[in-house]
Amino acid sequence: MLIYSATAALVFSFISTKFYQDDNARKDDLQAWLFIAFAASIWPITLPNIVRKAVVKSIKQQKGHTLNQQSKPYLAYSPLQESTLK
């Protein structure tokens with residue numbers, strides 16, 4: 001029970017931090033805070049989704065940075081195509 005509560009508190013702090021960073025969100029809206037509390041309480045569902053979105057965003061940023069440095073885009077399947085064409 002302690003691990004569940006501690007993880008829920010961490011998820012709540014992460015979500016509320018992102019909520020405070022959002023300029024368009026009303027900070028005095030009770031429904032928004034209730035939703036954040038609900039999302040934190042079901043962290044076994046929401047936490048993997050949060051992590052997945054962060055990883056996808058990071059990968060997209062790295063690919064964009066890599067593509068800007070390369071003269072031509074790297075395709076993951078191009079080595080496979082080259083080896084089958086020979």
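1. Lining of the largest pocket. In this predicted model, the helices α1 (2-21), α2 and α3 each contribute at least two residues to the lining of the largest pocket. Helix α3 provides the largest share of that lining, with six residues. The pocket has a volume of about 350 Å³. Its lining consists of F14, I15, K18, F35, A39, T46, N49, I50, K53, A54 and K57.

2. I50 and I15. Both I50 and I15 belong to the lining of the largest pocket. I50 lies in helix α3. In sequence, I50 and I15 are separated by 35 residues, while their C-alpha atoms lie 9.4 Å apart in space. I50 is classed as partly exposed because its relative accessibility is 24%, and the buried class requires a value under 20%.

3. Nonpolar surface patch. Which residues form a nonpolar patch on the surface? The patch is made up of V51, V55 and I59, which together have about 230 Å² of accessible area. V55 is placed in helix α3, which spans residues 43-69. With a relative accessibility of 43%, V55 counts as partly exposed, since the exposed class begins over 50%.

4. Salt bridge. How many salt bridges does the count give? The count comes to one salt bridge. Side chains of opposite charge can pair when their charged atoms come close. Both partners are on the exposed side of the classification: D28 has a relative accessible area of 60%, and R26 has one of 55%. Each is therefore classed as exposed, the threshold being over 50%.

5. The protein contains four helices and zero strands. Along the sequence, the elements follow the pattern α-α-α-α. Of the 86 residues in the protein, 16% are buried.

6. Confidence. The average pLDDT of the protein is 80, and 74% of the residues score at least 70. Where in the protein is confidence lowest, and where is it highest? Helix α4 (residues 78-85) has the lowest confidence, with a mean of 53, whereas helix α2 (residues 30-41) has the highest, at 91. Where pLDDT is low, the predicted coordinates should not be read in detail. As for the pocket described in the opening point, helix α2 is among the helices that supply at least two residues of its lining.

Key
Residues are numbered from 1 along each chain as its sequence is written. Side-chain values use heavy atoms; hydrogens and water are left out. pLDDT is the predictor's confidence in each residue, from 0 to 100. Patches are made of residues with over 30% relative accessible area and no salt bridge: like charges are joined within 9 Å, nonpolar side chains (Val, Leu, Ile, Met, Phe, Trp, Tyr) within 5 Å. Accessible areas come from the Shrake-Rupley method with a 1.4 Å probe; for residues, only the protein chains shown count as cover. A salt bridge is a side-chain nitrogen of Lys or Arg within 4 Å of a carboxyl oxygen of Asp or Glu. Buried means under 20% relative accessible area, exposed over 50%, partly exposed in between (1.4 Å probe, protein chains only). On a 1 Å grid over the protein atoms alone, a cavity is a set of points where a 1.4 Å probe fits but cannot get out, and a pocket is an open set with protein on both sides within 12 Å along at least five of seven lines; lining residues have an atom within 4 Å of a point. Grid points are joined across faces, edges and corners, and a volume is the space filled by probe spheres set on the points.
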